[in-house]
Amino acid sequence: MINSKLIYKILGQLLFIEAFLLFISLLVALYYQQDDIFAFIVATLTTIGGGLILKWRGHGADNTMSRRDAYLVVSLSWIVFSLFGTLPFMISGYIHSFTDAYFETMSGFTTTGATILDDVECFPHGLLFWRSLTQWIGGLGIVFFTIALLPSLVGGQTKVFAAEATGPIKSKLHPRLSTSAKWIWSVYLVLTIACILSYYIAGMNLFDSFNYAMTTTATGGFSTHNSSTEFFHSPALEYICAFFCFLSGVNFTLLYAAVIKFKIKDLFKNSEFKFYTLLVMAFTAFIMIELVTLRNYDLEHAFRSAVFQVVSFITTTGLFNDDAALWPHVTWVILATCMFFGACSGSTSGGLKCIRGVMLVRMVKNEFRQILHPNAVLPLKIDGVNVPMQKRVTLLAFLTTYLIICLVISFTMIAMGIDNTNAITITLSCVGNVGPTLGTEIGPTMSWSELPDLAKWFCSLMMLIGRLEIFSVLVIFTPAFWKEN
């Protein structure tokens with residue numbers, strides 16, 4: 001049976017953390033003395049109240065967590081966080097529709113970066129900071145953040161980590177998961193601080209530096225300006241952004257070992273990192289050639305636009321420095337491929353993940369060899385470690401489910417009257433937590449406000465499913481999940 005008291009207790013504790021995050025945004029609002037102060041006061045107090053009610057409902061809970069409890073609490077935590085996260089938008093009156101407010105908040109916490117806001121520049125500083133903060137917290141995961149902050153909160157930490165962590169192969173730095181979580185969050189924090197300083201030195205003001213750094217390292221993509229990084233007209237800022245997006249797309253465990261433990265060689269020996277780097281280099285070169293030959297860009301501008309957009313799409317960040325909707329249509333195929341693959345597992349990016357790409361390439365290679373040598377036993381090795389058969393089956397099940405979801409949701413979007421290109425790329429964008437879409441009706445530089453409300457709810461669900469890697473959410477909808485035995 002589901003341990004409902006334990007779930008209430010954990011959700012209550014999580015709401016206290018969210019209330020603290022809202023309080024930080026309240027301080028920003030107080031500093032700028034704009035009209036969102038009251039909204040943050042009410043939102044903070046309401047969230048504390050919700051936390052107290054849930055803690056009361058969970059009083060005397062047995063701390064033993066089953067695998068079912070872990071999957072349910074992870075999915076519910078993202079839904080509840082997004083629900084309370086809508087309060088500042090709704091109370092302030094800057095977003096009138098609950099559907100739009102929920103879409104915006106879910107897009108933030110899942111680091112998708114799709115927005116329904118046509119004019120973000122009219123928003124007060126507190127709300128803009130709150131949007132960026134949702135992405136930064138969601139970057140490594142809400143519950144993962146809690147494990148690092150409150151290691152004694154959850155009895156079944158490993159089960160919760162398995163439900164929320166990204167990628168088919170989970171790696172830990174330390175036998176104690178809470179210690180690993182702290183180390184990984186330390187890398188994330190250092191990366192964010194370095195990004196803030198780099199932006200500030202390159203010419204951004206302090207507020208923009210904080211906001212863009214949070215959404216860059218979270219590979220989220222929310223911006224404080226309608227024209228994203230294009231607003232600054234600064235090649236230096238664009239290169240800095242692309243560099244930190246690229247780093248944030250690397251497995252954080254690998255990044256920790258490479259930087260903190262000075263094992264740089266291990267980074268370049270890693271199969272997933274090599275695959276990720278190869279994709280970025282190949283796609284950048286292709287788009288650069290297209291822009292030079294077909295759009296008459298000069299070489300530096302073509303390279304900068306190409307590398308920025310490729311890194312932004314493959315890391316599922318969604319910031320932009322050029323309007324890709326005006327590029328040759330063949331480049332859309334490349335960017336859609338970036339959306340599909342994503343960056344590395346164990347990073348803040350979404351998508352299929354490059355490690356699965358490596359596994360699929362090796363499996364195809366083995367299949368050709370098996371045809372020539374039917375009796376051969378061919379291991380599937382990634383960085384010297386054999387991938388067991390169970391993980392190979394899981395990979396194929398994941399890929400099949402991923403493609404089925406993309407097919408069904410794309411069909412649903414087209415049935416709602418959305419054009420084919422937009423429908424397909426909206427689906428890829430939501431499931432991969434990318435943010436921008438490709439097309440003429442809703443282009444990569446446009447908001448998603450034109451979508452029907454039903455489509456926005458579908459998109460919100462797809463963002464959650466994509467962020468928790470499909471099975472963690474879908475398993476809740478299976479009859480077996482709710483059976484007693």
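Q: Which residues is S25 in contact with, leaving aside its neighbours within four places in sequence?

A: Contact means heavy atoms within 4.5 Å, and on that basis S25 is in contact with F40, G126, F129, W130 and L133, once neighbours within four places in sequence are left aside. This is a predicted model, in which local features need pLDDT of at least 70 and side-chain atom pairs count only at pLDDT 80 or more, while totals for chains, interfaces and linings use all residues. Residues are numbered from 1 along each chain as its sequence is written, and side-chain values use heavy atoms, with hydrogens and water left out.

Q: Where does S25 lie, and is it buried or exposed?

A: S25 lies in helix α1, where helices (H or I, at least four residues) are DSSP runs numbered from the N terminus. Buried means under 20% relative accessible area, exposed means over 50%, and partly exposed is in between, with a 1.4 Å probe and protein chains only; S25 has a relative accessible area of 0% and is therefore buried.

Q: How does the length of helix α6 agree with what its residues should span?

A: The expected span of a helix is 1.5 Å times one less than its number of residues. For the 16 residues of helix α6 (residues 125–140) this should come to 22 Å, and the end C-alpha atoms are 24 Å apart, which agrees. Because 15 of its 16 residues are buried, α6 is largely enclosed by the rest of the structure, and just after α6, G141 takes a positive phi of about 115°.

Q: Which residues have the most contacts inside the largest nonpolar core?

A: In soluble globular proteins, nonpolar side chains tend to be buried together. A nonpolar core is a set of buried Ala, Val, Leu, Ile, Met, Phe, Trp, Tyr and Cys residues joined through side-chain atoms within 4.5 Å; here the largest has 148 residues, and those with the most contacts inside it are Y199, Y276, I426, W448 and C459. Helix α1 (residues 4–32) gives the most to this core, with 11 residues. Not counting residues up to four places away in sequence, C459 touches F103, M413, I426, C430, W448 and L451.

Q: How many aromatic pairs are there, and what is the arrangement of F340 and Y402?

A: Rings of Phe, Tyr and Trp (its six-membered ring) pair if their centres lie within 6.5 Å, and planes under 30 degrees apart count as stacked, over 60 as edge-to-face and the rest as tilted. By this rule the count is 28 aromatic pairs. One of them joins F231 and F232, edge-to-face at 5.2 Å centre to centre with 90° between the planes. The rings of F340 and Y402 have centres 5.5 Å apart and planes at 90°, so this pair is edge-to-face. It links distant parts of the chain, with F340 in helix α16 (residues 329–341) and Y402 in helix α18 (residues 389–415), 62 residues apart.

Q: How many disulfides does a search of the whole structure find?

A: A disulfide is a covalent bond between the sulfur atoms of two cysteines, counted here when the two sulfur atoms are within 2.5 Å. The search of the whole structure finds 0 disulfides. C195 is in none, as the nearest cysteine sulfur, that of C241, is 7.0 Å away, and C195 is buried at 0% relative accessibility.

How values were computed
Helices (H or I, at least four residues) and strands (E, at least two) are DSSP runs, numbered from the N terminus.
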